[in-house]
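Hi everyone, thanks for coming.

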Amino acid sequence: MVRGLPWALLAVTLALLAFYLASGLSRPSGEGIDDFGASDISFTAAFAAFAPMGALIASRRPLNPIGWIACGMGFLVVLAGATYEYAVRALVVDPGSLPFGPEAAWFSSWLWAPGIALMAFLMLLFPTGRPPTRRWRWVAWGAAANLLAVMGAAISLWPERGASMLLEESPGGGPVVQMVIQLGVTIMFVSILLGLVSLLVRFRRSRGEERQQLKWIAYVAFVAAFLIFLEVFALEWLGVGESTFGIATEHLLNLSAAGFPVAAAIAVLRYRLYDIDLIINRTLVYGALT
């Protein structure tokens, strides 16, 4: 039963993704709601990739939390997008056509937070399912406490559930609630950064097979960091962020998130583990030639 649970969660995630894409692509733009575009598709599809890779890991290594964390990330991010599109259709595109529209709008306002926050736990526990040392446990506890604070602030938005929560200019909740949410989001990304630091610490101490496992994640992280630098610093500084090349870089950055679950699956399941050395070597050669 435990081995079948991640595949059931994957099936639900894929069904939600299908609804998200169908609803988003068929709705009209405007009316104060964010337009549904290619960046939405690439971002959600990249995080949806965590679900199948997580299901694969969890079904074969059920005692390793990495697979379950990946399943949860894919499910929550896709669920956040699906509830948003459901609320848009129920409250804006065709008001009254679907039930529980206000509740869906409220859920969509905070469901993305736990999905993104799980990235800190993924990096902190990779690849063994345990932090590098006991001293790193405070990062996990801090991320969990901060996530509860963000969700607590989101609960205070319950009275404001409705179409107003979907508007681009409507933060809602008052200044205190918004300050708590902004502070929580900041700490959340600090936790993710600390999770990355824990990977570096673990890599320095690793040997043999564990070092090869960490190389897979390090390679994907390097590619993502390069794309972030290219988009945020180089392209914006040159003023070509809105060009075709800039938009393509944004989509590549979104899709690079899908590399993390793929690398995690290869590393945890030890499938062609030592191929990473060949991939790194060819990347350096082709990059230098380019």
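**A pocket and the helices around it**

Let's start with the second largest pocket, which holds about 830 Å³ of space. A pocket here is an open set of points on a 1 Å grid over the protein atoms alone, where a 1.4 Å probe fits and protein lies on both sides within 12 Å along at least five of seven lines. The volume is the space filled by probe spheres set on those points, joined across faces, edges and corners.

Before going on: this is a predicted model, where local features need pLDDT of at least 70, side-chain atom pairs count only at pLDDT 80 or more, and totals for chains, interfaces and linings use all residues. Residues are numbered from 1 along each chain as its sequence is written, and side-chain values use heavy atoms, leaving out hydrogens and water.

So who lines this pocket? There are 25 lining residues, and Met 119, Ile 192, Ala 224, Ile 228 and Phe 260 lie nearest the centre; lining means having an atom within 4 Å of a point. Which helix gives the most to the lining? That is H9, with eight residues. Helices H2, H6, H8 and H10 are also among those supplying at least two each.

The lining divides into 23 nonpolar residues, two polar and no charged.

Of its 290 residues, 45% are buried, meaning under 20% relative accessible area with a 1.4 Å probe, protein chains only.

Terms used:
Buried means under 20% relative accessible area, exposed over 50%, partly exposed in between (1.4 Å probe, protein chains only). Helices (H or I, at least four residues) and strands (E, at least two) are DSSP runs, numbered from the N terminus. Ala, Val, Leu, Ile, Met, Phe, Trp, Tyr, Cys and Pro count as nonpolar, Asp, Glu, Lys and Arg as charged, and the others, Gly among them, as polar.
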